[in-house]
Amino acid sequence: MGNLMRRFATHFLLSIILVGLCAFTAIGQEDKLVVVGNNSVPSEMDMNMLTSVLKGEQLRWKDGSRVSIALMKTNTPVGFSTCERLYNMTANELNKYFLALVFQGKVKAPTFFNSAAELEAYVSQTPGAIGVLQNTNAESIKVIRIDGKEKI
Amino acid sequence: MENLNRIALRLSAICLLFLSAGNVLAQDTHIRGFVDLGANLQDDKVGFGFGEYDLFITSELNDHVTFLGETVFRYDKTMEHEFEVSIERVIVNYNYYGNHSVLIGKQHTQINYWNESYHHGRVFFPTVGRPLLFEYDFIPLHTMGVALQGLNLGKLKLGYTLLVGNGIGSKEVSDNDKYKSLTASVHIKPAENLQLGVSFYNDIISEGADEHGFIFPEKTNQQIYTGSIAYFGKKYELLTETSYLNNHTASAGNNGSLASYLYTGIRVKDKWVPYIRLDYLDFDKYAPYLGNDDTKSVAAGLRYEVNYLLVLKLEFQHDDHDVLGSMNKLTAQVAIGF
């Protein structure tokens with residue numbers, strides 16, 4: 001009986017650890033972002049270049065096509081995460097930042113989307129478009145590696 | 001007749017708006033606007049009013065060419081119960097290579113950070129109003145002309161503007177003389193949220209030129225040198241700019257005037273920003289059109305940012321004018337973007 005109790009306790013403890021690990025991994029996966037782009041967008045870039053591009057500091061790619069930024073709406077989990085992790089801004093700060101730059105005539109505002117499918121379609125159809133998603137299986141767009149990684 | 005002209009102008013503006021709205025579906029056109037409402041207490045009297053009603057249009061004409069228009073409706077001080085329409089910016093931007101563009105049209109002279117950043121959107125202003133140097137026509141706010149502009153170049157994110165325009169005394173539709181104004185400005189962003197800039201302005205103003213009602217009595221050679229430091233971080237905000245204006249005339253020779261302001265704010269509790277702004281104007285007594293009203297001013301206020309489209313400000317301002325004397329003013333403002 002005592003042996004059975006010990007085995008039960010050991011299995012129960014292992015189950016808890018396993019569930020905890022799975023949950024941790026799942027949360028970690030959810031937090032990851034994927035940068036996607038149209039054919040004009042370079043296949044690799046470093047994080048400094050990515051943040052510079054996403055902030056509207058680069059107007060054109062090397063092939064001459066215009067940079068178009070595609071983001072999930074800031075009230076979606078991915079949009080929220082994009083603001084925090086890639087822009088180091090709150091959603092409100094991001095909106096203010098781009099409204100000010102558009103008002104100064106310096107950039108075109110990003111296009112915001114409700115769903116990943118809409119964003120993927122926009123990126124695939126727009127030369128020079130770059131977007132941020134949680135994940136993608138779309139074949140018409142490419143995943144941009146950031147500092148050598150597909151997920152950041 | 002004047003009334004008919006005014007009505008025609010308004011109808012034209014309305015037609016223009018409808019035409020623009022009709023094209024929204026055909027091309028990527030956006031119409032936005034800004035307005036501010038306020039109340040102030042001055043000389044034991046409380047008054048309510050609204051400031052400028054600013055309509056702002058951007059449109060993409062093709063992959064390289066964009067349009068920007070900014071039109072302001074404001075109370076006309078010269079006509080009771082009347083409003084004037086003022087076209088503040090009309091810019092066609094041709095992005096010809098990388099981050100380099102040609103800008104053609106009426107633009108806010110790229111002479112300092114404030115004039116190039118905030119335009120007529122009070123929701124962006126860190127304080128209730130502009131620094132005092134704007135009220136005295138110390139710098140030319142607008143220039144009608146052609147500019148070469150570059151942005152975010154290299155590691156220092158260098159930006160430049162070289163603008164050739166009609167200059168002081170000219171109208172939006174024509175130049176009053178053969179001389180052209182030249183504005184050259186550069187800035188760098190050596191760190192996140194920090195911008196350092198300098199600019200140079202040169203113009204030859206003809207005898208008889210009319211600048212906001214002041215008639216220049218003789219030919220004047222004008223230069224303006226400006227330096228700017230701007231830092232808007234998550235917690236601290238700092239903006240300081242100084243302009244030195246030199247006017248040269250045959251009768252008075254060189255005379256220099258100085259205008260500075262310093263704004264600083266600190267963000268507390270996410271949405272609250274207490275701030276202070278100091279203004280200093282030191283006019284040369286021979287400087288034409290500036291008057292001789294040397295001024296020192298301090299403004300202290302509190303800004304509450306509900307969100308990026310709605311900002312509330314409460315500000316107390318004390319001015320010491322050499323000519324006009326001392327003035328105190330308490331202002332509350334609601335600034336909106338829509």
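**View 1. B:Gln317 is a buried residue, at 12% relative accessible area.** Buried stands for under 20% relative accessible area, exposed for over 50%, and partly exposed for what lies in between (1.4 Å probe, protein chains only). The model is predicted: local features need pLDDT of at least 70, side-chain atom pairs count only at pLDDT 80 or more, and totals for chains, interfaces and linings use all residues. Residues are numbered from 1 along each chain as its sequence is written, chains are lettered from A and ligands numbered from 1 in the order in which they are written, and side-chain values use heavy atoms, with hydrogens and water left out. B:Gln317 belongs to strand E17 (residues 310-321) of chain B. Strands (E, at least two residues) and helices (H or I, at least four) are DSSP runs, numbered from the N terminus. Contact means heavy atoms within 4.5 Å. Beyond its neighbours within four places in sequence, B:Gln317 contacts B:Leu132, B:Arg277, B:Ser297, B:Val298, B:Ala299, B:Met327, B:Asn328 and B:Lys329. B:Lys329 is 12 residues from B:Gln317 in sequence, with 5.2 Å between the C-alpha atoms.

**View 2. A:Ser40 sits in a loop of chain A, between strand E1 (34-37) and strand E2 (44-45).** A:Ser40 is buried, at 18% relative accessible area. Its side chain makes a polar contact of 3.4 Å with the side chain of A:Ser65. Not counting residues up to four places away in sequence, A:Ser40 touches A:Trp61, A:Asp63, A:Ser65, A:Pro127 and A:Gly128.

**View 3. B:Trp114 and B:Tyr118 form an edge-to-face aromatic pair.** Their ring centres are 4.8 Å apart, with 85° between the planes. Rings of Phe, Tyr and Trp (its six-membered ring) pair if their centres lie within 6.5 Å; planes under 30 degrees apart are stacked, over 60 edge-to-face, and the rest tilted. B:Trp114 is buried at 1% relative accessibility, and B:Tyr118 is buried at 8%. Ring pairs join both into a cluster with B:Tyr113, B:Phe125, B:Phe134, B:Phe232, B:Tyr261, B:Tyr263 and B:Tyr275.

**View 4. Chain B and chain A bury about 2,400 Å² between them.** Buried area is the accessible area (1.4 Å probe) that two parts lose on being put together, summed over both. Carbon and sulfur atoms carry 52% of it. B:Phe124, B:Lys234 and B:Tyr308 supply 26% of the area that chain B buries against chain A, more than any other three residues. The contact takes 32 residues from chain B and 21 residues from chain A.

**View 5. A salt bridge joins the side chains of A:Arg66 and B:Asp63 (3.6 Å, N to O).** A salt bridge puts a side-chain nitrogen of Lys or Arg within 4 Å of a carboxyl oxygen of Asp or Glu. The interface of chain B and chain A holds 9 salt bridges. It also has 13 residue pairs in polar contact (both at pLDDT 80 or more).

Note on methods
Polar contact = N/O pair within 3.5 Å; in protein donor to acceptor, adjacent residues only side chain to side chain.
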